[in-house]
Amino acid sequence: MAEINRSHFNEEASTYDAIHSKLHERLTEEIQARLDWIGVEWANTDDDDDSSQDEDDDVDEPNESEDGPEKSPKSSQPRREVRLLDYACGTGMMTRALAPYTTQCVGIDISENMVAAYNSRAEYQGLSPDEMHAVVGDLAAADGPHPADLLVADPRLFDVATVGGGLHHFADPELAAERLARRLRPGGVLLVWDFAPHGPHATAHFRGSHTVLHHGLSEDRVRALFERAGVGEGFELVVLGSGVSPGHGHSHGHGHGHDGHGHDGHDGEPMRRQVFLARGQKAA
């Protein structure tokens, strides 16, 4: 199944962002509106900026010296280190949604072309590989991660791990969650989005239907998946509603699986499948 996914999503990489731009914009808005709910102590948020500004209002303006104005206290404060692991990253939708609040983003995808697109976008933004970089790999292979040294070079753990629209493509979503949980620090968060249960007809007309292994996931299954992986603390699942839906007649995009989604209904109209966000925390 991994090879089928790799081949399909390699073909989708060049047009993926254009096809799914509206879906990605909506998901990004939904995720960024729920930063507190996700539960990570982010590197930087608007609340931090507002707090710093309030503190600055109570401080006298710095005096200028011959060398120019003194630096404000805010400029000398280091950002909290927050590391993101984006699995089945595709071109990096989840990474881009959360990058403003992290200090390092690492993507993993089974598709070489998706990884290339992810890294090209990071480079275009002027980011170094230390700040944002993806690698080709399969963290959820039954016989162990491929390659065997995947993530071994950097033993540091992550603050948050994400899977965007990929679980329904995984042969074993439970195993994937377990492998991701191992890479989280104590107190780290697993965040996923995917589809609620729907009938097989929702993907029957989708040209990538052969990559879909699960016709949505129930809340009970997702909860059990998180708990089995050891990231069930504070588990919550919110349904975003059928207003968040795939584009018409197209496909996915994240390595093992992607959010591609554009499956036609019986009347030729796009299927409206409910999308959910779920989060859970590893015991501290």
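Student: Which element gives the most to the lining of the largest cavity?
Tutor: Helix H8 does, contributing four residues to that lining. The model is predicted, with local features needing pLDDT of at least 70 and side-chain atom pairs counting only at pLDDT 80 or more, while totals for chains, interfaces and linings use all residues. Residues are numbered from 1 along each chain as its sequence is written, and side-chain values rest on heavy atoms, with hydrogens and water left out.

Student: How much space lies in the largest cavity?
Tutor: About 40 Å³, taken as the space filled by probe spheres set on the points, which are joined across faces, edges and corners. The structure holds one cavity of 30 Å³ or more.

Student: And what kinds of residue line the largest cavity?
Tutor: The lining divides into ten nonpolar residues, with no polar and no charged ones. Among them are Val163, Leu167, Phe170 and Pro173, and Leu225 also takes part.

Student: Leu225 is in H9, I think; which residues of that helix are buried?
Tutor: In helix H9 (residues 219-229), the buried residues are Val222, Leu225, Phe226 and Ala229, where buried means under 20% relative accessible area, exposed over 50%, and partly exposed in between (1.4 Å probe, protein chains only). Seen down the axis of H9, these buried residues fall within an arc of 95°, so they line one face of the helix; the arc is that of the directions from the helix axis to the C-beta atoms.

Student: What sits on the face of H9 turned away from its buried side?
Tutor: That face carries Asp220 and Arg228, both exposed. After H9 comes Gly230, whose phi is positive, near 90°.

Student: Which non-glycine residues have a positive phi, then?
Tutor: Ala88 is one of them, with phi near 55°, and Leu151 is another, at about 70°. Most residues other than glycine have a negative phi, and most peptide bonds are trans.

Student: Are those two buried or exposed?
Tutor: Ala88, in the loop between strand E3 (83-87) and helix H6 (93-98), is buried, with a relative accessible area of 1%. Leu151, in the loop between E5 and E6, counts as buried at 15% relative accessibility.

Student: Where is the cis peptide bond?
Tutor: It joins His146 and Pro147, with omega about -5°, and Pro147 lies in the loop between E5 and E6. Ala148 is found in the loop between E5 and strand E6 (158-164) and counts as exposed at 72% relative accessibility. The C-alpha atoms of Ala148 and Gly137, eleven residues apart along the chain, are separated by 9.2 Å.

Student: Switching to Thr28: what is it in contact with?
Tutor: Leaving aside neighbours within four places in sequence, Thr28 is in contact with Met93 and Ala97, contact meaning heavy atoms within 4.5 Å. Thr28 belongs to helix H3 (residues 21-32), and a polar atom of the Thr28 side chain lies 2.8 Å from the backbone oxygen of His24.

Definitions and conventions:
Helices (H or I, at least four residues) and strands (E, at least two) are DSSP runs, numbered from the N terminus. A polar contact is a pair of N or O atoms within 3.5 Å; within protein, one must be able to donate a hydrogen and the other to accept it, and residues adjacent in sequence count only if both atoms are side-chain atoms. On a 1 Å grid over the protein atoms alone, a cavity is a set of points where a 1.4 Å probe fits but cannot get out, and a pocket is an open set with protein on both sides within 12 Å along at least five of seven lines; lining residues have an atom within 4 Å of a point. Ala, Val, Leu, Ile, Met, Phe, Trp, Tyr, Cys and Pro count as nonpolar, Asp, Glu, Lys and Arg as charged, and the others, Gly among them, as polar.
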